[in-house]
Amino acid sequence: MAGMASLTVYTTSWCPFCVRLKRSLTLQNVDFTEIDVEADADAAAFVESVNGGDRVVPTVKYDDGSTQTNPGIGEVLAKLGR
């Protein structure tokens, strides 16, 4: 969406928290890019780097470089100013 912060969501295919967050983002019309950490070693390394060495998903990265680990939709919307 024009004027909206870009959002990257690091996920796995089997993670129920990832499914919930992606569904909520879609219902709220929030555009996001999804990256599967099991298919992308660089993405997995990034997630580990911001989570104390753990591969925790969903991890959300905002266009300002900040991250949130396993946020609820309310936290994401607040960060996006919505």
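**Close-up views of a predicted model**

**Figure 1. The pairing of strands β1 and β2.** Strands β1 and β2 run parallel and are joined by 4 bridges. Strands count as paired if DSSP finds at least two bridges between them; helices (H or I, at least four residues) and strands (E, at least two) are DSSP runs, numbered from the N terminus. Within this pairing, V9 has E34 of β2 as its bridge partner. The model is predicted, so local features need pLDDT of at least 70 and side-chain atom pairs count only at pLDDT 80 or more, whereas totals for chains, interfaces and linings use all residues. Residues are numbered from 1 along each chain as its sequence is written, and side-chain values use heavy atoms, with hydrogens and water left out.

**Figure 2. The open sheet.** The sheet is open and consists of 4 strands in the order β2-β1-β3-β4, with mixed pairing. Its edge strands, β2 (33-36) and β4 (67-69), each pair on one side only. From one strand to the next, the twist averages 20°; axes are lines fitted to C-alpha atoms, for helices over the stretch in contact, and angles run from 0 to 180 degrees between N-to-C directions. Strand β3 (residues 59-62) runs antiparallel to β4, and 3 bridges join the two. Here V60 stands opposite Q68 of β4. In general, strands of a sheet pair through backbone hydrogen bonds, either parallel or antiparallel.

**Figure 3. Helix α1 against the sheet.** Helix α1 (residues 16-27) lies across β1 (7-11), β2 and β3, and runs at about 155° to β1. Together, β1, α1 and β2 make a right-handed β-α-β unit. A crossover is right-handed if, with the strands pointing away from the viewer, the path from the first strand over the helix to the second runs clockwise.

**Figure 4. The salt bridge between E34 and K22.** The side chains of E34 and K22 form a salt bridge at 2.8 Å, N to O. E34 belongs to strand β2 and K22 to helix α1, so the pair ties together parts that are 12 residues apart in sequence. A salt bridge is a side-chain nitrogen of Lys or Arg within 4 Å of a carboxyl oxygen of Asp or Glu. E34 is partly exposed, at 40% relative accessible area, while K22 is buried, at 18%. Buried means under 20% relative accessible area, exposed over 50%, and partly exposed in between (1.4 Å probe, protein chains only).

**Figure 5. Further salt bridges.** The structure holds 3 salt bridges. One of them joins the side chains of R55 and E48 at 3.1 Å, N to O. Both residues are partly exposed, R55 with 45% relative accessibility and E48 with 26%. The side chains of K79 and D64 also meet in a salt bridge, at 3.0 Å, N to O. This pair links distant parts of the chain, 15 residues apart: K79 in helix α3 (residues 73-79) and D64 in the loop between β3 and β4. K79 is partly exposed, with a relative accessible area of 38%.

**Figure 6. The surroundings of C15.** C15 is found in the loop between β1 and α1 and is buried, at 4% relative accessible area. Apart from its neighbours within four places in sequence, C15 is in contact (heavy atoms within 4.5 Å) with V57 and P58. Between C15 and F46, the C-alpha to C-alpha distance is 18 Å, with 31 residues separating them in sequence. C18 is likewise buried, with a relative accessible area of 0%. The structure holds 0 disulfides, a disulfide being a pair of cysteine sulfur atoms within 2.5 Å.
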